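This report describes selected features of the structure shown below. It considers a helix pair, a disulfide and a pocket in turn.

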Amino acid sequence: MGLFNVSHPASFLLTGIPGLESSHSWLAGPLCVMYAVALGGNTVILQAVRVEPSLHEPMYYFLSMLSFSDVAMSMATLPTVLRTFCLNARSIAFDACLIQMFLIHSFSMMESGILLAMSFDRYVAICDPLHYATVLTNGVIAGIGVAVIARSFITLFPLPFLFKRLPVCRSNVLSHSYCLHPDMMKLACADITVNSIYGLFVLVSTFGMDMFFIFLSYVLILRSVMAIASLKERLKALNTCVSHILAVLAFYVPMIGVSVVHRFGKHAPRYIHVLMSNVYLFVPPVLNPLIYSAKTKEIRRAIVRMFRPIRM
């Protein structure tokens, strides 16, 4: 018998928010607004960085990478989420579900890696400003971008195949309006130890390490800032980190919340689990363009200049 010659359903059935099925049509409106803000806001930032010469700096190149990953994440979830909430079309083919699962986890890992790269950018800018331009050259920035993409692809490439070897015979109903590996594993009627161990390994070796090094970079930044004599200069240096800190919190706080609910909230209502996962996937792509547009005057100026000819 072949490795993948096991029983699989032809399709899975996606679920909106358990217990709120009658409100799905009402929830479709806010979801459409969130997708519009995420796609529109991040596209505007990408275009602003592309056309504005003053933004051709390492910090804004990393910001454009973050915006790209947010657009990609939104596009990965949009088809099934809107079909589920707007059209009540819940079916998704087995292989399509595997592809969506791989894309969602990959783009999430890319975002984590980009946030780590952005913390390194802030560390060099504040702790070693004289060598900023020589350390973060265009070649180094491109290499970091390629490394972030390669890490996501290589680390998560086995995931669809690890799931495909498992027979699915309990049910074909998923708990979300998109496909996630932990959710899909619950439907398997075989030993999922390998999948669980590999999932934990991925979580710790990528997201966990990223969080550790982001925290470490800010410890070093704070130590360097505290050595500055002038209070005004201290606040000026820290102010350059505010947008990144908010983006880190917008990404990792929901992720930690999802993990806590899954580990310790087994008796919580199902809709709590679903809502936490939705917050984790939907909120960062919406908040990031708003954060950087509100807190970074260079981005605001570039956006205003970009749209000024349109108003005329």
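**Packing of H2 against H3**

In this predicted model, helix H2 passes helix H3 in a left-handed crossing. H2 spans residues 58-86 and H3 spans residues 94-127. Their axes come within 9 Å and cross at roughly 165 degrees. Angles over 145 degrees count as roughly antiparallel, and H2 and H3 are therefore roughly antiparallel to each other.

The contact of H2 with H3 involves 16 nonpolar residues, together with five polar and four charged ones.

Two disulfides are present in the structure. One of them is formed by Cys97 and Cys179, whose sulfur atoms lie 1.9 Å apart. The torsion about the S-S bond of this pair is about -115 degrees, so the disulfide is left-handed.

Cys97 belongs to helix H3, whereas Cys179 is located in the loop between helix H6 (158-164) and helix H7 (181-185); the pair therefore ties together parts that are 82 residues apart in sequence.

**The second largest pocket**

The second largest pocket has a volume of about 560 Å³. It is lined by 16 residues, of which Arg122, Lys236, Asn239, Thr240 and Glu298 are the closest to its centre.

Which helices each supply at least two residues of this lining? They are H2 and H3, along with helix H9 (231-239), helix H10 (242-264) and helix H12 (297-311). By residue class, the lining of the second largest pocket divides into six nonpolar, four polar and six charged residues.

Technical notes: Residues are numbered from 1 along each chain as its sequence is written. This is a predicted model: local features need pLDDT of at least 70, side-chain atom pairs count only at pLDDT 80 or more; totals for chains, interfaces and linings use all residues. Side-chain values use heavy atoms; hydrogens and water are left out. Axes are lines fitted to C-alpha atoms, for helices over the stretch in contact, and angles run from 0 to 180 degrees between N-to-C directions. Helices (H or I, at least four residues) and strands (E, at least two) are DSSP runs, numbered from the N terminus. Angles under 35 degrees count as roughly parallel, over 145 as roughly antiparallel, 65 to 115 as roughly perpendicular and the rest as oblique. A crossing is left-handed if the near helix is turned anticlockwise from the far one by less than a right angle, and right-handed if clockwise. Ala, Val, Leu, Ile, Met, Phe, Trp, Tyr, Cys and Pro count as nonpolar, Asp, Glu, Lys and Arg as charged, and the others, Gly among them, as polar. On a 1 Å grid over the protein atoms alone, a cavity is a set of points where a 1.4 Å probe fits but cannot get out, and a pocket is an open set with protein on both sides within 12 Å along at least five of seven lines; lining residues have an atom within 4 Å of a point. Grid points are joined across faces, edges and corners, and a volume is the space filled by probe spheres set on the points. A disulfide is a pair of cysteine sulfur atoms within 2.5 Å.
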